[in-house]
Amino acid sequence: MTLQLKGGRLLCTATGVDRMGDLWVHQGRVRLSAPEGVQAQVIDCTGKVVTPALVDLDARLCDPGYTWRESLSTGGEAALRGGFTCVVANPETDPVTDDPSFVREVIARAGLESKVEIKVAAALTKGLGGEKLSELGLMAEAGAALFSNADHLVSDSLVLRNALLYARPLGLPVMLRAGDAELESVAVMNEGASSALAGLRGIPAAAEEIGIARLIALARYTGTHVHVLGVSTKLAIAQLKAGLASGAPISGSTTALHCLLNDGEVLASGYDTDTRLMPPLRTEEDRLALLEALADGTLLGVSSAHAPLTRVDKELEFAYATPGALGLETALSCLLSCAPLEHALRALSAGPAKLLGIERSLRDGAPAELLVLDPEAKWTVDPTQFASRSANTPLAGRQLSGVLAAVIHKGECLHPA
Amino acid sequence: MKRKDLLGLRDVSRDEILEILETASRFREVSKRRIKKVPTLRGRTVVTLFFENSTRTKVSFDLAAKRLSADGVHISAGTSAVKKGETLMDTARNIDAMAPDLVIMRHSCAGAPHMLARNFDFSVINAGDGINEHPTQALLDMLTMQDHLGDLEGKTVAIVGDVYHSRVARSNLYGLRTMGARVLLAGPGTMCRPEMAGPGVEVRHKIDEVLEEADVVMMLRIQRERLPRAMLPTSREYAHLYGLDSAKLARASDRVLVMHPGPINRGVELSPEVADGERSVIMEQVTNGVAVRMALLFLLLGGSDDASA
């Protein structure tokens with residue numbers, strides 16, 4: 001099937017293209033001129049934006065092992081509805097994705113069960129325990145896209161140093177969260193005026209700042225590319241910026257919810273456990289620093305941090321609830337509701353694609369991974385309508401911007417089906 | 001009073017506080033009678049659901065309910081519901097199925113009573129949630145202060161000790177601020193943090209500084225049994241720096257009120273002479289506790305206007 005995307009605003013943050021015009025999809029590729037001798041199906045894009053599809057760096061798909069929360073199939077559908085045609089699956093499965101056979105299985109099953117492409121982040125340490133190295137070489141051969149220690153900290157700096165040294169010749173980036181285990185223990189939200197007001201024990205911003213300083217130092221020392229997931233404080237952004245300026249092989253992303261919400265949400269929602277995240281929602285000052293870092297390119301991207309959890313995990317006292325919220329179906333609209341269109345698209349498409357070494361652009365001949373988007377249109381978040389198997393979102397009932405008119409993956413229009 | 005629940009004093013208005021204290025004042029008389037019972041809440045069901053140990057608060061609520069003729073049931077979960085296997089929401093659903101009118105809850109997690117209040121029709125009184133709030137304690141504290149000082153507007157209340165981890169301090173801070181009092185906080189750096197300062201609330205660290213200005217000094221309990229790591233070097237050092245003894249008390253006005261929410265660690269935050277001394281109103285606080293809780297049960301359950309008939 002050949003498609004003609006007619007009369008839209010062609011916007012590509014990877015190549016800098018921003019003009020009105022038509023674009024064709026032919027044999028799975030982007031074409032900037034009409035392919036000869038074929039009848040194209042026309043999609044009217046008047047008043048809409050045609051742009052490369054989104055790429056997510058960190059989604060828990062919970063499969064295998066926690067399939068009552070999400071599966072490769074439901075997670076893939078959720079990704080598609082959110083505009084993502086490539087998702088990196090977080091290794092926090094059961095068993096943990098820390099063995100080449102598990103990597104192969106997820107890739108093989110994803111090919112059969114998911115509508116979008118699923119790449120695998122293999123666990124850096126065995127069981128994500130931060131003590132023993134996983135078989136990084138064999139997992140790279142099995143097709144792992146990168147390494148990650150998910151939400152779990154590698155507190156032992158010697159283990160982390162060695163893991164990074166070992167990963168370096170394998171050529172894959174390592175994704176890590178910045179934190180400090182002791183400062184995070186027993187705490188449940190951001191520490192500051194909001195936690196003092198809510199009477200909840202807080203995680204200080206300093207925990208993340210200690211953590212990111214350590215990651216930058218070890219990235220520079222080992223030469224391995226470290227991607228810091230969930231950067232959430234103003235000072236951590238400043239540290240990341242200084243690290244980048246010094247030439248350290250470092251990059252960072254934040255999460256879509258951290259761009260939209262601040263720590264006042266915990267009390268405002270009456271201790272709604274869907275506002276409990278890791279890292280926690282931070283102050284308004286931090287949130288504004290994240291938006292600025294998206295504008296100036298300090299942050300490479302934004303991840304969905306998709307963390308499906310059910311009532312079993314969430315219908316509990318705030319301190320007992322598992323941290324995390326859904327992200328795939330709301331990430332784009334979160335950003336479109338708080339950041340300029342170009343920044344949102346760069347953070348969710350061009351940036352993550354660059355880290356993964358895949359192409360997301362409107363270049364003639366590029367893979368046809370595309371969105372047709374009405375960035376101004378409003379919709380109201382209703383978790384009962386999600387494709388995800390879970391419903392944990394702090395955004396329920398909130399009106400967000402950005403409605404997708406079409407999602408094209410591998411040259412086919414998959415959404416709406 | 002229009003509200004369904006009392007979860008904390010953070011959002012309670014001055015008029016509501018005055019109404020509660022006024023109603024409590026009237027109820028005090030019931031506890032002085034030979035027959036300490038009025039029929040006001042006859043046929044209403046009050047459940048006390050305690051996930052943490054308590055003596056004073058539990059007895060106080062029990063007596064308050066009994067003196068108003070409400071039927072009371074006490075559930076002492078001892079440990080958390082999670083450890084028992086049943087979730088708090090399930091425990092609450094079961095209680096709800098037996099049609100209670102009001103649930104009084106104490107829990108180690110901040111926000112737990114808010115979850116019940118949001119999900120069920122019965123009224124909820126927070127009897128202490130984690131380090132967040134303990135509103136009935138602050139109300140009985142304010143009633144005691146008002147007895148001695150009259151209007152609290154412009155009065156200075158010093159709160160000394162582990163302010164940051166104290167639900168008593170937090171509720172007092174919100175309530176006193178609403179009533180126009182000035183609050184001075186003092187305690188070690190780990191327990192008295194600058195982010196608690198705000199309009200009408202100042203953070204100091206030295207007890208001497210706050211004593212000199214105070215109309216009331218409220219000493220908090222050092223919860224030795226559950227201090228996180230490295231919070232204090234020793235009780236001896238704490239007693240020396242922050243404990244209130246006769247020598248330190250001599251720096252305060254001779255009309256200062258000494259308060260403590262109990263139970264007291266004698267020789268740590270209060271010396272025995274001060275705890276039992278003439279400036280101490282600690283037992284008045286306990287007496288007022290019953291009256292304040294009667295007032296709240298009455299107001300939340302919408303008893304008849306003829307309150308103490």
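Colleague: A salt bridge is a side-chain nitrogen of Lys or Arg within 4 Å of a carboxyl oxygen of Asp or Glu. Which residue forms one with Arg14(B)?

Modeller: Glu153(B) forms that salt bridge, and the closest N and O atoms are 3.9 Å apart. This is a predicted model, in which local features need pLDDT of at least 70 and side-chain atom pairs count only at pLDDT 80 or more, while totals for chains, interfaces and linings use all residues. Residues are numbered from 1 along each chain as its sequence is written, chains are lettered from A and ligands numbered from 1 in the order written, and side-chain values use heavy atoms, without hydrogens and water.

Colleague: Which domains does chain B have?

Modeller: The domain assignment (automatic or from a database) gives domain 1 of chain B as 14-133 + 286-300 and domain 2 as 135-283.

Colleague: How many residues does each domain of chain B bring to the contact?

Modeller: Domain 1 of chain B brings 28 residues and domain 2 of chain B brings 28 residues, where contact means heavy atoms within 4.5 Å. The C-alpha centres of the two domains of chain B lie 25 Å apart.

Colleague: What area do the two domains of chain B bury between them?

Modeller: Domain 1 and domain 2 of chain B bury about 2300 Å² (accessible area lost on being put together, 1.4 Å probe, summed over both parts), with 57% of it on carbon and sulfur atoms. On the side of domain 1 of chain B, Arg14(B), Ile131(B) and Glu133(B) lose the most area to domain 2, together 28% of what that side buries.

Colleague: How many salt bridges cross between these domains of chain B?

Modeller: The rule finds three across the interface of domain 1 and domain 2 of chain B. On the side of domain 1 of chain B that touches domain 2, the elements that each supply at least two residues include α1 (14-27), β4 (123-129) and α12 (282-300). Helices (H or I, at least four residues) and strands (E, at least two) are DSSP runs, numbered from the N terminus.

Colleague: Now the two chains, please. How many residues take part from chain A and from chain B?

Modeller: Chain A gives 23 residues to the contact and chain B gives 27 residues. The area buried between chain A and chain B is about 1900 Å², and carbon and sulfur atoms give 55% of that area.

Colleague: How many salt bridges join chain A and chain B?

Modeller: Two are found across the interface of chain A and chain B. In a salt bridge between the chains, the side chain of Arg193(B) meets that of Glu191(A) at 2.5 Å, N to O.

Colleague: Which helix of chain A gives the largest share of the side that touches chain B?

Modeller: Helix α6 (residues 193-198) of chain A does, with five residues.
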